[in-house]
Amino acid sequence: MHPAASVILFTVTSGMGYGLLALLAVLGSLGMLPPDPGLGLAGLGTALALITVGLLASTFHLGHPERAWRALSQWRTSWLSREGVLAIMAYPPAVLFGGGWVLAGRTDGVFALAGWLTALLAVLTVCCTAMIYASLKPIPQWRNRWVMPGYLAMALATGAAWLALLASVFGIGRGLTDIIAILGLGLAALVKLAYWRHIDSAAPIATAAAATGLGGLGQARLLERPNTQENYLQKEMGFRVARKHANRLRRLVLIGGFGLPLVLILAASFLPAAMSIWLLALALVGVTIGALVERWLFFAQAKHTVTLYYGAATV
Amino acid sequence: MTAIAPNTTGRKLGLVIDLDTCVGCHACAVACKEWNDGGHMAPLTDEDPYGREPFGVWFNRVHAFETQPESGCGGGPASTRTVHFPRSCLHCEQPDCVTVCPTGASYKRAEDGIVLIDEDQCIGCKLCSWACPYGAREYDSHSGTMKKCTLCVDRIYNTNLPPAERRPACVMVCPTSARLFGDLGDPGSDVSRRVAARGGVDLLPDLGYRPVNKYLPPRERRAAADTAPLPDAPGGADIGQRLLGWVDRLLSR
């Protein structure tokens, strides 16, 4: 599948934002992070900014961004619509929780309740993002049980990397945030490894013979395409560059996106705050690049059944 | 609406495509492009039409496949076949292209099962084209909306046309009658009887989209015996048979 920059930017930044938002909301509501106005403003501000940038980026993918509001109407059947509805529903409790934290210096009572609701809606929104892909039957690399855990784990890991940096900047809750970031990165690496192993070994879902109904005559092989130049289907669904470099890119994600940041965060946790900030910032850069490459691969490696009509033997 | 209507009339308008008689002339694709360029989903944009990389929206595309028997024995060049394969929207009974649509622009008509797009509601998110396993939807970058086969909804109900012409453009134009149009929800219809008689098949049935359009597989090749010399029957009772034997001998020289 063609990896559109706007969709990669959207899924990565909104995932980061919801991960950070959910972590702040849960840790705040549990009283594990003190309601420090600086951390609250910077943390919740960053989370909501990342989410908003992500949601805006997703509209750049549209042919008619001015009609994007219509996408909220079909939540009964469409995961894309559900995602939009939940994304918007998450703002009011997040703002209430943020207001309590930053203005009133409180994360208890009604603010704690708002925090739990914020975290729940953040997690559900990421689930919906994953389901947009996991519900598409023609693309086996997306429709499998590792896709939703992958999106959730990446949101947790990238959000936790932000939280670790912010905690270091404000000197609050450091040990805890470092541990969460290390666990999040480890979990995301394991889930992505399992996902890659699954898509590498899964049996094909369809053949060219099934796509043409010619199974009765044996195997089918494309002889001639209908058009000499590429068409929309080939450009959108028949993207081919990534599979060639997949293994190298996966190593880049594992080392640059998970391994190196993990070591940096571990090292930072033994250093005084002033020095740890730089290591944590570097870790965040690595995690971000890793997440972007991972998401690019997620799109680029996916094979659509329509390629069976353009020369693929199996999908 | 994006949800599939539970109450339908039972009518399932669609196409039956005979892979035995399709000669791959692309007339259906061209006639479709011509009609729909001025019809319901118009225009079907062409970019760089006379340049180096023409790129445009088509609802019908004709592929050619080669088939080869799976077993080693009995295989070989003699049993391979070339099959021309027209591909367009199958107006599925379970169209995920409709249910994934976030705006309700994509819909399946309860009255006849035709899958259409309301272009005024389409936001151009392309999700429907990802959800279709058959590649039946193409994005038009000029209008910023998705386009697809309408089963020529603006022909088949057009009372200004003579009844014989109230058929999709691709069906009207096909020189070998490889495309048939009708109600596949009615078991007594001409198309349904043809599907039953020829063992019509669904494409990618395992994915569960339940296409309405059916494909008739190529017929078995005639045995080589059909082209062997006719039996010589001198003095036979049937004068016609003797005459045919004589003509066969004459032409075989």
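## Close-up views of the contact between chains A and B

**View 1. A salt bridge joins Asp96(B) to Lys137(A) in this predicted model.** The two side chains meet at 2.9 Å, N to O. Between chain B and chain A the count is 2 salt bridges. Polar contacts across the interface come to 28 residue pairs, with both residues at pLDDT 80 or more.

**View 2. Strands and helices of chain B contribute to the side that touches chain A.** At least two residues each come from β4 (61-68), β5 (81-87), α2 (96-99), α3 (127-131), β8 (137-140) and β9 (145-148). The most come from β4(B), which gives 8 residues. By residue class, this side of chain B divides into 31 nonpolar, 16 polar and 13 charged.

**View 3. Chain A and chain B bury about 4900 Å² between them.** Carbon and sulfur atoms give 62% of that area. Which three residues supply more than any other three of the area that chain B buries against chain A? They are Phe65(B), Ile123(B) and Trp130(B), with 17%. The contact takes 60 residues from chain A and 60 residues from chain B.

**View 4. Phe65(B) has a bridge partner in each chain.** From chain A, strand β1 (residues 219-224) pairs with β4(B) in the antiparallel sense over 5 bridges. There, Leu222(A) has Phe65(B) in β4(B) as its bridge partner. Within chain B, β4(B) pairs with β5(B), again antiparallel, over 7 bridges. Here the bridge partner of Phe65(B) is Val83(B) in β5(B). Phe65(B) is also one of the three residues that together supply 17% of the area chain B buries against chain A.

**View 5. Strands β8(B) and β9(B) form a hairpin.** How many residues lie between the two strands? There are 4, and Gly144(B) in the turn has a positive phi of about 70°. The strands pair in the antiparallel sense over 4 bridges. Asp140(B) stands opposite Thr145(B) in β9(B). Both β8 and β9 of chain B supply at least two residues to the side that touches chain A.

How values were computed: Residues numbered from 1 in each chain as written. Chains lettered and ligands numbered in written order. Heavy atoms only, no water. Contact = heavy atoms within 4.5 Å. Buried area = accessible area lost by both parts, 1.4 Å probe. Salt bridge = Lys/Arg side-chain N within 4 Å of Asp/Glu carboxyl O. Polar contact = N/O pair within 3.5 Å; in protein donor to acceptor, adjacent residues only side chain to side chain. Nonpolar A, V, L, I, M, F, W, Y, C, P; charged D, E, K, R; others polar. Pairing = 2+ DSSP bridges.
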